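Here is a brief report on one protein model. Please keep the sequence and the 3D view at hand while reading.

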Amino acid sequence: MNRICEMCHIKTGCEAFQPEQHPADVANMCRRNHIEWATAVEKCKIAAVHENLRKGCVFDYCATGGDMAAVENAAARSEEHTSELQSR
């Protein structure tokens with residue numbers, strides 16, 4: 001996740017990638033980057049993004065200014081997450 005901050009030259013707020021991030025922080029990230037919260041949520045609701053990773057997906061989508069690569073990355077992480085759960 002820090003790679004996205006580096007890629008987008010974001011100097012502050014990267015610590016917000018932690019799972020315990022408050023929803024208001026995610027909404028603020030969207031607002032700062034002129035992304036509608038509802039749009040980000042809708043993009044991250046695709047079936048390929050695991051429910052546990054959707055908040056991070058929304059944050060990443062907003063942090064990257066609406067780059068669909070953030071959603072694709074969340075889908076890829078979801079696949080890994082699902083595989084890990086199934087192997088337990």
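## Basis of the model

This is a predicted model, in which local features need pLDDT of at least 70 and side-chain atom pairs count only at pLDDT 80 or more, while totals for chains, interfaces and linings use all residues. Residues are numbered from 1 along each chain as its sequence is written, and side-chain values use heavy atoms, with hydrogens and water left out.

## Overall fold

The protein chain has five helices and zero strands. Its order from the N terminus is α-α-α-α-α. Helices (H or I, at least four residues) and strands (E, at least two) are DSSP runs, numbered from the N terminus.

The chain has 88 residues, and 33% of them count as buried. Buried means under 20% relative accessible area, exposed means over 50%, and partly exposed lies in between (1.4 Å probe, protein chains only). The accessible surface is about 5,800 Å². Carbon and sulfur atoms hold 50% of that surface. These areas come from the Shrake-Rupley method with a 1.4 Å probe; for residues, only the protein chains shown count as cover.

Contact means heavy atoms within 4.5 Å. Take the contacts between residues at least 6 apart in sequence: 57% of them join residues at least 24 apart.

## Helices H3 and H4

H3 spans residues 37-44 and H4 spans residues 54-63. They pack at about 125°, with axes 9 Å apart. Axes are lines fitted to C-alpha atoms, for helices over the stretch in contact, and angles run from 0 to 180 degrees between N-to-C directions. H3 and H4 are therefore oblique to each other. Angles under 35 degrees count as roughly parallel, over 145 as roughly antiparallel, 65 to 115 as roughly perpendicular, and the rest as oblique.

On the H3 side, the contact residues are Trp37, Thr39, Ala40, Val41, Lys43 and Cys44. H4 contributes Arg54, Cys57, Val58, Tyr61 and Cys62. By type, the residues of this contact are eight nonpolar, one polar and two charged. Ala, Val, Leu, Ile, Met, Phe, Trp, Tyr, Cys and Pro count as nonpolar, Asp, Glu, Lys and Arg as charged, and the others, Gly among them, as polar.

Thr82 sits in helix H5 (residues 68-87). Its relative accessibility is 30%, so Thr82 counts as partly exposed. Thr82 and His50 are 32 residues apart in sequence, yet 7.8 Å apart in space, C-alpha to C-alpha.

Asp25 belongs to helix H2 (residues 23-32). With a relative accessible area of 39%, Asp25 is partly exposed. From Asp25 to Phe59 the sequence separation is 34 residues, and the C-alpha to C-alpha distance is 8.5 Å.
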